[in-house]
Amino acid sequence: MSVPWWCQDLKFACKSLIWRMTCLHFARSSRSVIAMHLYATPEKPHLIPVIDISKVHDPAGLAEAAHQVREACLETGFFYVTGHGVPADFVAAQFAAARAFFALPLEDKLAIHMRQSPSTAGYEPIGGQSLDSQDSDSEKAPPDLKETFYCCLELPQDHPLSLRKMRGYGHNQWPAALPDFSGQMIDYYARMSALGDRILSIIAVSLDLEPDWFKPFYAPGSATQRLIHYPPQPARAAFNQMGAGAHTDWGGITILAQDDAGGLEVRTVDDKWIEATPIPESFVVNLGDLMARWTNGVYRSNLHRVMTRQGGRDRYSVPFFYSPSPDSIIEPMPTCLGEGRPRQFATCTAAEHMGEMFRRSYGYSLAS
Ligand SMILES: [Fe+2]
């Protein structure tokens, strides 16, 4: 016998109420017990600078960009880049591919589920991840309201890096219904890697290091490219549930293309939230946890989140996570240690930290 609709609605309302009361109870009784970051409306942006990197090929231009990058990284760890040389129509083609992919029937997307790939490349359905997972007791955070697609460096199955079955290398799964999709993804991956190298050289100079200081750690880098679709915030979302819960990124740097729907929010040094408003033909760049470890906490890997609006538009974004190779040993760089600056983090490999963050947010560990 089928259950009447009003009965299902009542059941949902009761579950929501219990969830809300439970969270409020924890929030009042012990701040340390609740793992997630409760949502509050953000302020208008005023601290995320726009940095033109078109002149970094000459020393004066590089020094100026490095100065601006340093200011940003000491503050929110977020900045926009313009003058990057990536054509607007090429980025538009990436968004067109993303929209075409997410418009496929669910069964087509599930046919390439990320769990089937040793590198976790493929489709992640809505609710597959809880990004608000910075604390180890993060099971209290509700799952994110986004669906995504991951791709890694395209490699033959018998390549030594593919054989290690790690995140970032090989084992891509492509949608059968979109024959041109893989070519676009592979081209975008290459372009973002080149842009990532340029941004890393600016960051190195901003830290009084040689421009190629990061190069040995990125030979090859471990990058994952992601397409993300955020539907409008549903009226029936759970308490504090949003497109992407508050989190830091895990690796080196993130280069994000976002459409004009809005929704990305960034926490400031004084614990407020501000909007990272879409700016045409720009990328949003932010530092990940490994950059904070490298800089001994001098530069920030900052909390951010995504909240779309009820009844609003779908949001599409394309982050490129550019991280050091998995075996890289992450220790403070020489210019970030010294008197008055004791070590903030233990030594780790890139794979150790990123593997742990994957486990916390997805609830399972990678095979290797
Ligand atoms: Fe992020």
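Student: How many bridges join β8 to strand β9, and in which sense do they run?
Tutor: In this predicted model, strand β8 (residues 264-267) is joined to strand β9 (residues 273-275) by 3 bridges, and the two run antiparallel. One of the pairs is Arg 267 with its bridge partner Trp 273 in β9.

Student: And what sits between β8 and β9?
Tutor: They form a hairpin with 5 residues between them, and in the turn Asp 271 has a positive phi of about 65°.

Student: Which residues of β8 are buried on each side?
Tutor: Leu 264 and Val 266 are buried on one side, while Glu 265 and Arg 267 are buried on the other, and both faces of the strand are therefore covered.

Student: Switching to β5, is that strand largely enclosed or open?
Tutor: Strand β5 (residues 222-230) is largely enclosed by the rest of the structure, because 7 of its 9 residues are buried.

Student: Which strands does β5 pair with?
Tutor: β5 pairs in the antiparallel sense with strand β4 (residues 147-151) over 5 bridges, and also with strand β12 (residues 315-323), again antiparallel, over 7 bridges.

Student: What about Pro 143, where is that?
Tutor: Pro 143 lies in the loop between β3 (122-124) and β4.

Student: What does Pro 143 contact, leaving aside its neighbours within four places in sequence?
Tutor: On that basis Pro 143 is in contact with Gly 127, Gln 129 and Ser 130. Gly 127 is 16 residues away in sequence, yet its C-alpha is 4.8 Å from that of Pro 143.

Student: Last topic, which residues touch the most other members of the largest nonpolar core?
Tutor: Those are Val 69, Phe 79, Ile 202 and Ile 255, in a core of 79 residues. Helix α6 (residues 181-206) gives the most to this core, with 11 residues. Setting aside neighbours within four places in sequence, the contacts of Val 69 are Ile 51, Phe 79, Ile 202, Ile 203 and Ser 206.

Key. Residues numbered from 1 in each chain as written. Predicted model: local features only at pLDDT ≥ 70, side-chain atom pairs only at ≥ 80, totals over all residues. Buried ≥ 20, exposed ≤ 12 C-beta atoms within 10 Å, placed from the backbone. Helix = DSSP H or I, 4+ residues; strand = E, 2+ residues; numbered from the N terminus. Pairing = 2+ DSSP bridges. Core = buried A, V, L, I, M, F, W, Y, C linked by C-beta atoms within 7 Å. Contact = placed C-beta atoms within 7 Å.
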